[in-house]
Amino acid sequence: MDIEQFIQFERARRDCYKVLAACFYQPQKKLFLDENVFTVLGNLLTRVCPEAALFSEKMATSVVQYDEEELLVEYARLLVGPNELLAPPYGSVYLEQGRKVMGESTARVMEFYKAEGLSMNEQFQNLPDHITAEMEFMYYLAYHEVEALEKNDREKALYFLNKQEDFLRTYLDGWVAPFCEKMRQGTENEFYQALADCVSVFMTKTDRCAMPEELRENLARV
């Protein structure tokens, strides 16, 4: 893989985070269909993680089986409440003893955001370690990595690549798989089952930040 191929790979990986994060917002079936969300996702995943692309196809075929109310009810039952959540979408639930939210891990996630000059948008009604926030942060880091690569800014590209690896290793890798398993076990809704499988496979199978060593060494040269 040469540098141009790697940039193409990273663009697709970056956009996978953006689209997958959007799937965890309140479902809007018409928007999903009008914007061909799952076709776009499938095309991206085919380039980055073909195993996960199979589940994006399942998302596309299954979402049409349900009306919007059915999707909203299942979304609330799994991820929102008001009853006990079947699949809490907060990292602290899985990383903290006692399954509590807003623990020390949440504060450390905020430190990652603040280090990049970011703060929580007032319109964002969830906690800092919500699945959407963490995946959108990964999109942000990958966006700036790709931007730096395109400008041949080697130092900045490596900075953002290393930030992604650090955030993945410290947070997302530690909780996304059990979260997806809870989603999978907690529903018979084929759309949300497919979403859980898609995210789980994407996070565990793809070479997320695996820049080939020769490219990393090349970027590191002064």
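This is a predicted model: local features need pLDDT of at least 70, side-chain atom pairs count only at pLDDT 80 or more; totals for chains, interfaces and linings use all residues.
## Helix α8

Helix α8 spans residues 131-150, a run of 20 residues. From first C-alpha to last, α8 reaches 28 Å. That is close to the 28 Å expected at 1.5 Å a residue. Most of α8 is covered, with 15 of its 20 residues buried. N152 follows the helix, and its phi is positive.

## α5 against α9

Helix α5 covers residues 68-80, and helix α9 covers residues 154-186. Their axes come within 11 Å and cross at roughly 135°. Angles over 145 degrees would count as roughly antiparallel, and 65 to 115 as roughly perpendicular. The two helices are therefore oblique to each other. The crossing of α5 past α9 is right-handed.

On the α5 side, the contact uses E74, R77, L78 and L79. On the α9 side, F179, M183 and G186 meet them. By class, this contact holds four nonpolar, one polar and two charged residues.

## Two asparagines with positive phi

Most residues other than glycine have a negative phi. N36 has a positive phi of about 50° and is not a glycine. N36 sits in the loop between α2 (29-34) and α3 (37-48). Its relative accessibility is 46%, so N36 counts as partly exposed.

N152 is not a glycine either, and its positive phi is about 60°. N152 lies in the loop between α8 and α9. The cut-off for exposed is over 50% relative accessible area. N152 has 53% relative accessibility and therefore counts as exposed.

Note on methods:
Residues are numbered from 1 along each chain as its sequence is written. Side-chain values use heavy atoms; hydrogens and water are left out. Helices (H or I, at least four residues) and strands (E, at least two) are DSSP runs, numbered from the N terminus. The expected span of a helix is 1.5 Å times one less than its number of residues. Buried means under 20% relative accessible area, exposed over 50%, partly exposed in between (1.4 Å probe, protein chains only). Axes are lines fitted to C-alpha atoms, for helices over the stretch in contact, and angles run from 0 to 180 degrees between N-to-C directions. Angles under 35 degrees count as roughly parallel, over 145 as roughly antiparallel, 65 to 115 as roughly perpendicular and the rest as oblique. A crossing is left-handed if the near helix is turned anticlockwise from the far one by less than a right angle, and right-handed if clockwise. Contact means heavy atoms within 4.5 Å. Ala, Val, Leu, Ile, Met, Phe, Trp, Tyr, Cys and Pro count as nonpolar, Asp, Glu, Lys and Arg as charged, and the others, Gly among them, as polar.
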